[in-house]
Amino acid sequence: MANVTVIGAQWGDEGKGKIVDWLSERADVVARFQGGHNAGHTLVVGEKVYKLSLLPSGIVRGTLSVIGNGVVLDPWHFRDEVAKLKGQGVEITPENLQIAETCPLILPFHRDLDGLREDASGAGKIGTTRRGIGPAYEDKVGRRAIRVCDLAHLDDLDLQIDRLTAHHDALRAGFGEAPIDRAQLMADLTEIAAFILPFVKPVWLTLNKAKSEGKRILFEGAQGTLLDIDHGTYPFVTSSNTVAGTAASGTGLGPNAAGFVLGIVKAYTTRVGSGPFPSEQENDVGQRLGERGHEFGTVTGRKRRCGWFDAVLVRQSVAVSGVTGIALTKLDVLDGFEELKICVGYKIGDQSFDYLPAHAQDQAKAEPIYESIAGWSETTAGARSWADLPAQAIKYIRRIEELIGCPVTLVSTSPERDDTILVRDPFAD
């Protein structure tokens, strides 16, 4: 049986939570491999709604869940999220949840710096969640991060804190802020360590053991490929690599462990925050998509920008992440549209492109080239088989497959986990 890697193939918010939840019941381990608590997943299980931002989605099902080394961990948010889920009846113990000992920590001054930078950027704001994700990743690559394993060795942190404060105090001074309070930082770390340490494990060993035993591992990505620090719409991106290849480096398994790569894609396109969005509809169409799709961020509550399906961008995501199959979500939001449009290319000045150029100014000037397709008046909501879908909805799906060069594996027709059409079983490959 294959492992499965789930990634977003647009700008995030594609409905990964439901799909991972749907798959996690058949997995032995669910591993989160990048990002932080800036990513939100909403799971609807019966009458209960679970909102996750850091914990792997498998935890709701009791599946062994792992936070990999590629994740940046806010330990106080972790504690709050665990408490919230326990309050909803979810069992969370060191037996079913593990944290990689090499995860970098998001600390209070990371959140401070994130907000200070955004406030000072004016019209150049990137649109971060102000949760300290970027500054924490900066400290990781700058080799000054405090990591989860350091919580067991707090008496040995002086030199590392020297490195941190040398960097951050200079930045804080530039914003007119006081230096980091070292005594308070140590008190905060001492206070949280006892809660975090029972969950800490060498998860690369856990995962390699699971792999050697033939267990099914579900790798859970956050955000989306178009927010990848290398392959996304830079600089309006996140601070980590969101492509499928990160499943290896972000967990401690080799690249051959990724297995079936499932790209999650909405039947239309959304984006939160700043940045280019060629197929955005700042009109009644965008309003209708947003209202019907309940397009508000799980983490921030921000209204999402909405537009037509962009086949060019999804085709790029398929290529750079090696996507095996697509899970198409929120098809039911398109019910009742007389006409649908699909972006099949761009025009920038007098040139046409079948990909999105890398330069930010070119991206901002890109005008969509649309192909129109008839919509359908029937409902797709709750459909669980091809026979339940209108013929025109099937035609829309088939055209998307042709344009992105990738088959549709699953179709989601509502937030309910069982309202899913299985075309091809990712775990059977």
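The structure is a predicted model, in which local features need pLDDT of at least 70 and side-chain atom pairs count only at pLDDT 80 or more, whereas totals for chains, interfaces and linings use all residues. Residues are numbered from 1 along each chain as its sequence is written, and side-chain values use heavy atoms, with hydrogens and water left out.

The interior was examined in terms of nonpolar cores, each a set of buried Ala, Val, Leu, Ile, Met, Phe, Trp, Tyr and Cys residues joined through side-chain atoms within 4.5 Å. Buried here means under 20% relative accessible area, exposed means over 50%, and partly exposed lies in between, as computed with a 1.4 Å probe on protein chains only. The largest nonpolar core holds 87 residues, and the members that touch the most others are F78, L189, L331 and Y396. Helix α12, residues 391-404, supplies the largest share of this core, six residues. Helices (H or I, at least four residues) and strands (E, at least two) are DSSP runs, numbered from the N terminus. When residues up to four places away in sequence are not counted, L189 touches W76, L105, L107, I146, L151, L154 and L157; contact means heavy atoms within 4.5 Å. A second, separate core contains 15 residues, including V6, I19, F260 and L410.

The backbone was considered next. Most residues other than glycine have a negative phi, and most peptide bonds are trans. The peptide bond from Y234 to P235, however, is cis, with omega near 5°. P235 is found in the loop between β8 (217-220) and α8 (246-249). A positive phi, near 60°, occurs at R143, a residue other than glycine. R143 lies in the loop between α4 (133-141) and α5 (158-174) and counts as exposed because its relative accessibility is 68%. H294, also a residue other than glycine, has a positive phi near 50°. The loop that holds H294 runs between α9 (284-292) and β11 (305-307), and H294 is exposed, with a relative accessible area of 61%.

The cysteines were then examined for disulfides, a disulfide being a pair of cysteine sulfur atoms within 2.5 Å. By this rule the count is zero. C103 is in no disulfide, and its nearest cysteine sulfur, that of C149, is 9.7 Å away. C103 counts as buried, at 0% relative accessibility. For C306, the closest cysteine sulfur is in C343 at 16 Å, which is too far for a bond. C306 likewise counts as buried, at 4% relative accessibility.
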